[in-house]
Amino acid sequence: MHSPPYEAVDDAYAAIVAALESLPWDDVPEVTLIRPIPRKHIDFFPGHRGHIGARFPVGGIMVVGNNFSSLKGWGDYIGSPDVASPTSTWRKVRLMIEGSGLSWEDFWFTNYCFGVMDRKKESYDFPRRIIKALEFESMFSKSVAAMRPRLIVSLGRLAAKHLRTDYDLRGRVDERVIGGHPARLLAAVHPSAWTWNGKGFRDEDFVGEGARIRYAASRR
């Protein structure tokens with residue numbers, strides 16, 4: 001299991017954490033900010049960090065979810081092993097990454113909204129006023145400026161909405177400037193889509209999502 005690199009955090013990661021710490025969390029009591037050990041949590045990944053490898057993947061692929069689960073659900077999740085996590089949702093993530101043919105070290109898994117909404121219930125979206133109060137759009141721009149990803153992948157419809165990509169046109173690669181960085185964006189299926197009302201995706205669909213990620217990341 002990989003240990004979180006608390007003592008040797010790269011400058012890009014440290015810059016994102018510093019920007020997150022500046023947000024007015026106390027002004028929005030509905031949101032519980034996650035403070036794991038010595039730093040605030042800005043990514044999702046079994047094993048408690050959003051990337052594999054010795055260094056933060058500047059110039060890599062930024063995978064963006066919506067927000068965290070309940071506080072308990074988040075705690076259970078980060079307590080699991082890293083890429084070998086037995087959860088079905090993470091198995092679908094593995095299918096996507098393996099289908100891309102790219103290295104795990106190219107990816108950073110993060111969220112648009114850094115926190116959980118309710119201490120007991122699952123949470124799937126933040127009200128518009130909370131996003132405005134906590135300046136998540138500005139925070140996301142700072143993350144992109146620090147990481148300078150060659151591709152940003154949104155997971156699911158809500159994350160696509162936050163990033164202003166079109167989930168219903170997932171074959172399209174959007175391009176625009178974010179945080180001064182010429183960004184390329186791609187909407188992808190959420191890994192929990194396999195459970196959706198009998199309309200779930202098959203394993204080969206997730207492998208296909210990975211192939212689309214590879215194509216979008218390789219475009220010049």
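Analyst: Let us begin with contacts, where two residues touch if they have heavy atoms within 4.5 Å of each other. The model is a predicted one, and in it Glu209 touches Met96, Arg170, Ala188 and Val189, leaving aside residues up to four places away in sequence.

User: Where does Glu209 lie, and is Glu209 buried or exposed?

Analyst: Glu209 belongs to helix α7, which covers residues 203–218. The cut-off for burial is a relative accessible area under 20%, and Glu209 counts as buried because its relative accessibility is 8%.

User: How does the protein chain look as a whole, in terms of its helices and strands?

Analyst: The protein chain has seven helices and five strands, and along the sequence they come in the order α-β-α-α-β-α-α-β-α-β-β-α. Of its 220 residues, 51% count as buried. Among contacts between residues at least 6 apart in sequence, 74% join residues at least 24 apart.

User: Which residues of α5 are buried, and how should I read their placement around the helix?

Analyst: The general idea is that an α-helix has 3.6 residues a turn, so residues three or four places apart point the same way. In α5, the buried residues are Phe136, Met139, Phe140, Ser143, Val144, Ala146 and Met147. These residues lie on the same side of α5 because they cover an arc of only 165° around the axis. As for its length, α5 takes in residues 136–147, twelve in number, and spans 16 Å from its first C-alpha to its last, close to the 16 Å expected at 1.5 Å a residue.

User: What should I notice about the backbone in the loops on either side of α5?

Analyst: The angle to look at there is phi. Glu135, in the loop between α4 and α5, has a phi near 55°, which is a positive value in a residue other than glycine. Just after α5, Arg148 also takes a positive phi, of about 55°, and Arg148 sits in the loop between α5 and β3. With relative accessible areas of 44% for Glu135 and 46% for Arg148, both residues are partly exposed.

User: What lines the second largest pocket, and how do its residues divide by class?

Analyst: A pocket, in contrast to a cavity, is an open set of points. The second largest pocket has a volume of about 230 Å³, and the residues lining it are Tyr112, Asp125, Phe126, Pro127, Arg128, Ile131, Phe136, Glu137, Lys161, His162 and Arg164. Two or more of the lining residues come from each of α4 (128–134), α5 and α6 (156–163). By class, the lining of this pocket divides into five nonpolar, one polar and five charged residues.

Methods
Residues are numbered from 1 along each chain as its sequence is written. This is a predicted model: local features need pLDDT of at least 70, side-chain atom pairs count only at pLDDT 80 or more; totals for chains, interfaces and linings use all residues. Side-chain values use heavy atoms; hydrogens and water are left out. Helices (H or I, at least four residues) and strands (E, at least two) are DSSP runs, numbered from the N terminus. Buried means under 20% relative accessible area, exposed over 50%, partly exposed in between (1.4 Å probe, protein chains only). The expected span of a helix is 1.5 Å times one less than its number of residues. The arc is that of the directions from the helix axis to the C-beta atoms. On a 1 Å grid over the protein atoms alone, a cavity is a set of points where a 1.4 Å probe fits but cannot get out, and a pocket is an open set with protein on both sides within 12 Å along at least five of seven lines; lining residues have an atom within 4 Å of a point. Grid points are joined across faces, edges and corners, and a volume is the space filled by probe spheres set on the points. Ala, Val, Leu, Ile, Met, Phe, Trp, Tyr, Cys and Pro count as nonpolar, Asp, Glu, Lys and Arg as charged, and the others, Gly among them, as polar.
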